[in-house]
Amino acid sequence: MDIKISPSMLASDFANLEAELKKCENAGADMIHLDVMDGHFVPNITIGAPVIKAMRAVCGVPFDVHLMISDPLKYIEDFADAGADVITFHVECSSDISKTIDKIIACGCKASLSVKPGTDIEAVYPYMDRLSMVLVMTVEPGFGGQSFMADMMPKIEKLRADYPEVDIQVDGGVNAETVKVCAKAGANVFVAGSAVFKSSDPAATIQLLKENAGNV
């Protein structure tokens, strides 16, 4: 599986988004992870489609949009139109899961489902034939900078064993050491926030993350 690094803009300097995006682009990021929170599904509010559209205009890296919102079906067209390439939403949301996946695909984006730490990985299994990626949260969604939850690794191991071809993404506490644990379990797409944006050399950090994930 191709190893991909998706820096999370949640850890970036929001006063200088264009510069932060260029930093990721120049550092060799494979995707840009954009966390959308509604203050309802999770206890935080971040950005919406208008901000993502503005970011799209100044960045050529694929956008990996993570919807932590209660009713994603209602907003799929907005995020697709804003420039999303991959749209991830949560199996725990209140929208019809199947209809939401169909909407994402109909809008020309890749569909991805995410599970919170307390949700069994098999919750995504009925939809796997239409998913390009599954996101296993290794923190509780809602805030950046949380500690990595190593007890989520059995979910990744099971999913990789049952679906060897799917992209498996991890989000939460990913750094040069925890990326090894995730990769050993079977993950190949890594969301890294603080590790990249707090680095004095983002390109070297992204390269190190890739090397550490690839050498397990």
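These notebook entries record what I looked up in a predicted model.

**Entry 1. Conventions**

I worked with a predicted model, in which local features need pLDDT of at least 70, side-chain atom pairs count only at pLDDT 80 or more, and totals for chains, interfaces and linings use all residues. Residues are numbered from 1 along each chain as its sequence is written, and side-chain values use heavy atoms, with hydrogens and water left out.

**Entry 2. The sheet**

I looked up the strand order first. The model holds an open sheet of eight strands in the order S1-S8-S7-S6-S5-S4-S3-S2, with parallel pairing. Strands here are DSSP runs of E with at least two residues, helices are runs of H or I with at least four, and both are numbered from the N terminus. Two strands pair if DSSP finds at least two bridges between them. Strand S1 (4–7) and strand S2 (32–37) stand at the edges with a single partner strand each, so one side of each has no neighbour in the sheet. On average, neighbouring strands of this sheet are turned by 25 degrees against each other, direction ignored.

Contact means heavy atoms within 4.5 Å. Axes are lines fitted to C-alpha atoms, for helices over the stretch in contact, and angles run from 0 to 180 degrees between N-to-C directions.

Is S5 enclosed or open? I found five of its six residues buried, so S5 is largely enclosed by the rest of the structure. Buried means under 20% relative accessible area, exposed over 50%, and partly exposed in between (1.4 Å probe, protein chains only). Strand S4 (residues 86–90) pairs with S5 in the parallel sense over five bridges, and Thr88 stands opposite Ser112 in S5. From S4 the chain crosses through helix H4 (residues 97–106) to S5, in a right-handed β-α-β crossover. Right-handed means that, with the strands pointing away from the viewer, the path from the first strand over the helix to the second runs clockwise. S5 is also joined to S6, by four bridges and in parallel; Ser114 stands opposite Leu135 in S6.

**Entry 3. Helix H4**

Which residues of H4 are buried? I listed Ile97, Thr100, Ile101 and Ile104. They cover an arc of only 100 degrees around the axis, which puts them on the same side of H4; the arc is that of the directions from the helix axis to the C-beta atoms. An α-helix has 3.6 residues a turn, so residues three or four places apart point the same way. The buried residues of H4 pack against helix H3 (76–82), S4 and S5. On the other side of H4, Lys99 and Ala106 are exposed.

In helix H5 (residues 153–162), I found Met153, Lys155, Ile156, Leu159 and Arg160 buried. Their arc around the axis is only 155 degrees, which puts them on the same side of H5. Their cover includes strand S5 (110–115), strand S6 (133–137), strand S7 (167–171) and helix H6 (178–185).

The axes of H5 and H6 come within 8 Å and cross at roughly 35 degrees. The contact is made by Met153, Ile156, Glu157 and Arg160 of H5 with Val181, Cys182 and Ala185 of H6. By class, I recorded five nonpolar, no polar and two charged residues in this contact. Ala, Val, Leu, Ile, Met, Phe, Trp, Tyr, Cys and Pro count as nonpolar, Asp, Glu, Lys and Arg as charged, and the others, Gly among them, as polar.

For the contacts below, I left aside neighbours up to four places away in sequence.

- Thr178 lies in helix H6 and is buried at 12% relative accessible area; Thr178 touches Phe148 and Gly173.
- Asn212 lies in helix H8 and counts as buried at 14% relative accessibility; Asn212 touches Ala176, Val179 and Lys180.
- Ile47 is in the loop between S2 and helix H2 (49–56) and is buried, with a relative accessible area of 14%. Contacts of Ile47 are Phe14, Leu34, Asp35, Val36, Met37, Ile52 and Met55.
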